[in-house]
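Dear colleague,

Here is the structure I promised to pass on. My notes on what was found in it follow below.

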Amino acid sequence: MKGISFYFMVLAVISVTCGMALGIHMAISHDHTLAPVHAHLNLIGWVTMALFAIYYHIVPQAGQGLLAKIHLAVATAGVVTIVPGIALAITKQTEGLAAIGSIITLVSMVIFLITVVKTGKARD
Ligand code: HEM
Ligand code: HEM
């Protein structure tokens, strides 16, 4: 695994490491208030980023252009805004960061949709 797929996998593993630490903290403290933070750190950060990594690994031409670099930047920005954003929303501080993070996360997935369609068509 190298290039874009490597960076997506690093992002994924950092996310699940933090997600597990938060999970253990919630379990020990018996305070599950931040469960949606933990859930999205693991499901957007770990599962989704790892799926991106695997796709770019098995379809290497998808990871070669500028769009893949933009995708990595947008996806990273999405994780690092939506996760603390959910925490701020749950603790009733502000919903602003979660809103921004969710839009960035959606844009990341739209970029991936374009990538999948483009590379799928090129292989026909
Ligand atoms: C060290 C590992 C982990 C620990 C100790 C842990 C712990 C927890 C705890 C205490 C909760 C709250 C449960 C509740 O309030 O009902 C939770 C919820 C959740 N966890 Fe984990 N977790 C771990 C790893 C993971 C991983 C790897 C994933 C996903 C790939 C994951 C996905 C979820 C989801 C989606 C929820 C929310 C479930 C719901 O709200 O119904 N967790 N976890
Ligand atoms: C733009 C991206 C996303 C947004 C804005 C979003 C938003 C939300 C919201 C508002 C909830 C309800 C939380 C609650 O009732 O406390 C939720 C729950 C959940 N979401 Fe997401 N989500 C997103 C992406 C995803 C993705 C990609 C996955 C899975 C791969 C996922 C899995 C879940 C699960 C399992 C729950 C229930 C667990 C829980 O309540 O903590 N979400 N999401």
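Ser 15 sits in helix H1, which covers residues 3-29; helices here are DSSP runs of H or I with at least four residues, strands are runs of E with at least two, and both are numbered from the N terminus. Because its relative accessibility is 3%, Ser 15 counts as buried (under 20% relative accessible area; over 50% is exposed and in between is partly exposed, with a 1.4 Å probe and protein chains only). Beyond its neighbours within four places in sequence, Ser 15 is in contact with Leu 41, Asn 42, Gly 45, Trp 46 and Val 79 (contact means heavy atoms within 4.5 Å).

This is a predicted model, in which local features need pLDDT of at least 70 and side-chain atom pairs pLDDT 80 or more, while totals for chains, interfaces and linings use all residues. Residues are numbered from 1 along each chain as written, chains are lettered from A and ligands numbered from 1 in the order written, and side-chain values use heavy atoms, without hydrogens or water.

Ligand 1

The iron atom of ligand 1 has a single protein donor, NE2 of His 38, at 2.0 Å (donors are N, O and S atoms within 2.8 Å of the metal, or 3.2 Å for Na, K and Ca; water is not among the atoms, so sites may look incomplete). His 38 belongs to helix H2, residues 35-58. The shell around ligand 1 has 13 residues, and the closest are Gly 23, Ile 24, His 32, His 38 and Asn 42 (a residue is near if one of its heavy atoms lies within 4 Å). An N or O atom in the His 32 side chain is 2.7 Å from an oxygen atom of ligand 1, and a polar side-chain atom of Asn 42, which also touches Ser 15, lies 3.3 Å from a nitrogen atom of the ligand. H1 and H2 each supply at least two residues of this shell.

Ligand 2

A polar side-chain atom of His 40 is 2.8 Å from a nitrogen atom of ligand 2.

Record

The unreviewed UniProt entry lists residues 7-28, 40-58, 70-90 and 96-117 under "transmembrane region"; such annotations may be inferred rather than shown by experiment. In the model, residues 7-28 are 100% helix, with end C-alpha atoms 32 Å apart.

Regards

Terms used
Polar contact = N/O pair within 3.5 Å; in protein donor to acceptor, adjacent residues only side chain to side chain.
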